[in-house]
Amino acid sequence: MIEFKDIHKSFGDKKVLNGVSAVFQAGQCNLIIGTSGSGKTVLMKCLVGLFEPDSGEISYSGVNFSEMTQEHRKELRQQIGMLFQGSALFDSMTVEQNIMFPLNMFTKDSYEQKLKRVNEVLDRVNMKDVNKKFPAELSGGMKKRVGIARAIVLNPKYLFCDEPNSGLDPQTSMLIDKLIQEITKEFNITTIVNTHDMNSVMETGDHIIYMYQGVKEWEGSNKEIIFSKNDRLNKFIFASEFLQDAKDMRMLEMKGKIDNHRNMDELLK
Amino acid sequence: MKIFTEFGRYLLMLKGMFSKPENMKMYWKEFMHQCSEIGIGSLGIVVIISVFMGAVSALQTAYQLVSPFIPKSTIAQIVRDTVILEFAPTLVCIVLAGVVGSKIASELGNMRVSEQIDALEIMGINTKTYLILPKIAASMLTIPMLVIIAGVLGMWGGRFAGVMSGILSKQTFDKGLLQFFKPYNVFFALVKAYTFAFIISSIPAYYGYYVKGGALEIGRSSTKSVVVSCVAILFADYILAQLLLAS
Ligand SMILES: Nc1ncnc2c1ncn2[C@@H]1O[C@H](COP(=O)(O)OP(=O)(O)OP(=O)(O)O)[C@@H](O)[C@H]1O
Ligand SMILES: [Mg+2]
């Protein structure tokens, strides 16, 4: 569980976070959504301690982050997996070495055991035959997936993903969402995902916070989001007319006014 | 004022380097890797410049010593002393500031800008210890070795040029090399080599580690780190000469 209260952060004169609070429970996919530049990445980096917030409190499973000693922080970080928006793969290492790096650093396993684990996680992100490739030889989406593989290789207790599926095709994107959801439930991870992908929001959003210009404007689950009265949120999520229609359909369906048949054959009969 | 802030941050970076390694084996591997990058990687250029500077200093000394009263062996003596005192440690290190310094600064700068340093930090690794310490340690080990090699090759280059151009014979040169030899000069050269090795590695590491921005800033900080290290070398050179030679 990660809890944070009243986080403020500015860069120079620019206020990026203006008092954000929330509680992220374990075993849930916690989503941070919002337009580009609303401060999602900055919030995430404050939570993991890469940025020092100007004020506010952050605690991990009840322990205050700012009161932790350097050693304690290091221990905590070994339980954190993070995917960066730009993947942040080590470009002097192959894919295999990248993913094996945390294992080399923090485990005493034999090379065979480590290799087995690497291939296991690579398989989970649906990548094959890339072990010996360098990050420069991969596409953006492939880098993302290797980044996820590296983030989960040590079975973290806290998983942070900054836009895990931007730059992925819808199918791979779904696969990544499923994977994140699965491991979150399976290992009771506290998962935090930054996204503006509508599919992910609807599929995985157990708990969603909507950021607007550094403030939390809305909070709820994917079940609640379609009933939200917040105009800005509605415009942000259901941006296209197609999605507006889909939303209306879903609302009617939930109210029992229509019977939604997914099966086209039946509809066209 | 800014220079004091920067210097303070530089000292803090050096202090932050000393922490317990998470996994000794990985740190050792990184150290060895840096030794080969820095030491073996710049061996070629060191060999070339030291042979040539020795050769040139032999020819120029001969050109300036026109008096028939001065024995030819003096040429070798002068070549030996300039090579040991100044050319091998200072000139070689100035060149290494360009070769090694820009490499360290751009490598760390790239890692900073592409968030690789943050990624290491998140894994619970002390990035100052893991990334900077091995580079400085490897420089401190390999650069004095390179300076010794440069000294030997410089004298050999002087001998080769002197003999080839018929200025003096091998025997005269060798005799000159042993004339009035002061072992203290070698000690002085090594003190310089260690000092410069530290400058060459720590200043670029500072500029690279704290880079902000993108590719352009990486280039800029790497240039700046080379300029600052060169100035620092010359300054340290002067101070050391004052401390250890003037009496
Ligand atoms: N290191 C920094 N220095 C100064 N300003 C920054 C820094 N990082 C972010 N900002 C500013 O903070 C604001 C929020 O940035 P952030 O990266 O959090 O956006 P985001 O919500 O993640 O957007 P996106 O969806 O495009 O990734 C932006 O206006 C940006 O200019
Ligand atoms: Mg972002």
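Guide: One term to begin with: buried means under 20% relative accessible area, exposed over 50%, and partly exposed in between, with a 1.4 Å probe and protein chains only. This is a predicted model, in which local features need pLDDT of at least 70 and side-chain atom pairs count only at pLDDT 80 or more, while totals for chains, interfaces and linings use all residues. Residues are numbered from 1 along each chain as its sequence is written, chains are lettered from A and ligands numbered from 1 in the order in which they are written, and side-chain values use heavy atoms, without hydrogens and water.

Visitor: Why is Thr41(A) called partly exposed?

Guide: Its relative accessibility is 22%. Partly exposed lies between the limits for buried and exposed, so Thr41(A) counts as partly exposed.

Visitor: What makes Gln85(A) partly exposed?

Guide: Gln85(A) has a relative accessible area of 36%, so the term partly exposed applies.

Visitor: How do you know that Thr41(A) and Gln85(A) coordinate the magnesium ion (ligand 2)?

Guide: Donors are N, O and S atoms within 2.8 Å of the metal (3.2 Å for Na, K and Ca); water is not among the atoms, so sites may look incomplete. OG1 of Thr41(A) and OE1 of Gln85(A) are at 1.8 to 2.3 Å. Thr41(A) is in helix α1 of chain A and Gln85(A) in the loop between β6 and α3, 44 residues apart.

Visitor: What makes up the secondary structure of chain B?

Guide: Helices (H or I, at least four residues) and strands (E, at least two) are DSSP runs, numbered from the N terminus. Chain B has nine helices and zero strands. Of its 247 residues, 48% count as buried.
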